[in-house]
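Subject: Structure handover

Hello,

Please look through it first, then read the notes below it.

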Amino acid sequence: MKNLNIFRLLLTLLVWSLLFPGALTAQSAGKDPLPDERVKKFLSDHTGQWYDMNVPSADGQLLYNLILKGNYKSALEIGTSTGHSAIWMAWALSKTGGKLITIDIDESRYKKALENFKKAGVSDYIDARLANAHNLVKELKGPFDFVFSDADKEWYKNYFSDVEPKLKVGGCFTAHNISGRGRDYGGQAEFLQYVRSLKNYETTINYDGGGLSISYKKSEK
Ligand SMILES: C[S@@+](CC[C@H](N)C(=O)[O-])C[C@H]1O[C@@H](n2cnc3c(N)ncnc32)[C@H](O)[C@@H]1O
């Protein structure tokens, strides 16, 4: 009888770990397991109320989908603002068993983002840094498997060059506000031209929201 109970427990754990790969990792790390309902409610309550240069919901959903599709676990965001995109990414990472590092230079937006992460129930999945990303991106050790670049556009190519040696093969580098239809200028145009020139990256643009370039790293060189 005792053996049967142990067997049942192990079977339940196995089924759980297959259905929700992030849940057991989160629980064993003392984290809020799968904050689905809380996050959904927070995002739905705040629809249309993101006024700090935040991504539209379509891009949040896209980032979420990309992380789940790639089963990514080590993500970096450059440009937190008040945390809209970070909440979507952290939600996906709560399911993959991953974590997001996000950086912003502006103290008031950083503080608001921390509040939002708490309210959305995703703080455990986010390491938010108040810093100049020009320096911090160089210093971060990595490796990363997912990057979302959404800070100062004139620095896009530099961010890419600094982070790309730390991006795993199979990983994905995304950048916001990219048109890709010959209408990019300044930093966006410079970045897009550069990433498209690299043979080991495959780049497409998604137009569901504000224009997101999606570059997959296919090989090291
Ligand atoms: C377009 S907003 C980011 C929106 C955010 N991804 C969202 O959807 O909620 C750009 C942010 O980048 C930050 N930023 C600009 N230059 C930066 C720098 N050098 N280092 C860190 N953050 C920077 C700004 O303070 C601003 O909050």
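The notes below go from the overall fold to the ligand shell, the sheet, the helices, the core and a few backbone details.

Residues are numbered from 1 along each chain as its sequence is written. This is a predicted model, in which local features need pLDDT of at least 70 and side-chain atom pairs count only at pLDDT 80 or more, while totals for chains, interfaces and linings use all residues.

Overall

The protein has 9 helices and 7 strands. Helices (H or I, at least four residues) and strands (E, at least two) are DSSP runs, numbered from the N terminus. Of its 221 residues, 38% count as buried. A residue is buried if 20 or more other C-beta atoms lie within 10 Å of its own, exposed if 12 or fewer, and partly exposed in between, with C-beta atoms placed from the backbone. Among contacts between residues at least 6 apart in sequence, 71% join residues at least 24 apart. A contact here means that the C-beta atoms of two residues, placed from the backbone, lie within 7 Å.

Ligand shell

The ligand is surrounded by 21 residues, and the closest are N54, G79, S81, H84 and A133. By class, the shell has 6 nonpolar, 10 polar and 5 charged residues. Ala, Val, Leu, Ile, Met, Phe, Trp, Tyr, Cys and Pro count as nonpolar, Asp, Glu, Lys and Arg as charged, and the others, Gly among them, as polar. At least two shell residues come from each of α5 (84–96), β2 (99–104) and α7 (133–139).

Sheet

The 7 strands of an open sheet follow the order β3-β2-β1-β4-β5-β7-β6, with mixed pairing. Two strands pair if DSSP finds at least two bridges between them. The edges are held by β3 (126–130) and β6, each with a single partner strand, so one side of each has no neighbour in the sheet. From one strand to the next, the twist averages 15 degrees.

Strand β7 (residues 212–217) runs antiparallel to β5 (residues 167–176), to which 5 bridges join it. In this pair, H176 stands opposite L212. Strand β6 (residues 201–206) is also antiparallel to β7, with 6 bridges. Here I205 stands opposite S213, and Y201 stands opposite K217. β6 and β7 form a hairpin with 5 residues between them, and G211 in the turn has a positive phi of about 90 degrees.

Helices on the sheet

Helix α8 lies across β1 (74–78), β4 (144–149) and β5, and runs at about 170 degrees to β4. Helix α9 lies across β5, β6 and β7, at about 140 degrees to β6. Axes are lines fitted to C-alpha atoms, for helices over the stretch in contact, and angles run from 0 to 180 degrees between N-to-C directions.

The helices α8 (residues 156–163) and α9 (residues 186–197) pack at an angle of about 40 degrees, with axes 7 Å apart. Y156, K157 and F160 of α8 meet G187, Q188, E190, F191, Y194 and V195 of α9. That contact has 5 nonpolar, 2 polar and 2 charged residues.

Core

The largest nonpolar core has 49 residues, and those with the most contacts inside it are I67, A75, I87, M89, A90, L100 and V122. Such a core is a set of buried Ala, Val, Leu, Ile, Met, Phe, Trp, Tyr and Cys residues joined through C-beta atoms within 7 Å. Helix α5 gives the most to this core, with 8 residues. Not counting residues up to four places away in sequence, A75 touches I67, M89, L93, G98, L100, F144 and F146.

W91 is found in helix α5. W91 is buried, with 27 other C-beta atoms within 10 Å. Beyond its neighbours within four places in sequence, W91 is in contact with V39, Y64 and V122.

Backbone details

Most residues other than glycine have a negative phi, and most peptide bonds are trans. G142 and P143 are joined by a cis peptide bond, with omega about -5 degrees. P143 lies in the loop between α7 and β4. N71, not a glycine, has a positive phi of about 50 degrees. N71 sits in the loop between α4 (57–70) and β1, and is partly exposed, with 15 other C-beta atoms within 10 Å.

Methods: A residue is near a molecule or strand if its C-beta atom, placed from the backbone, lies within 6 Å of it.
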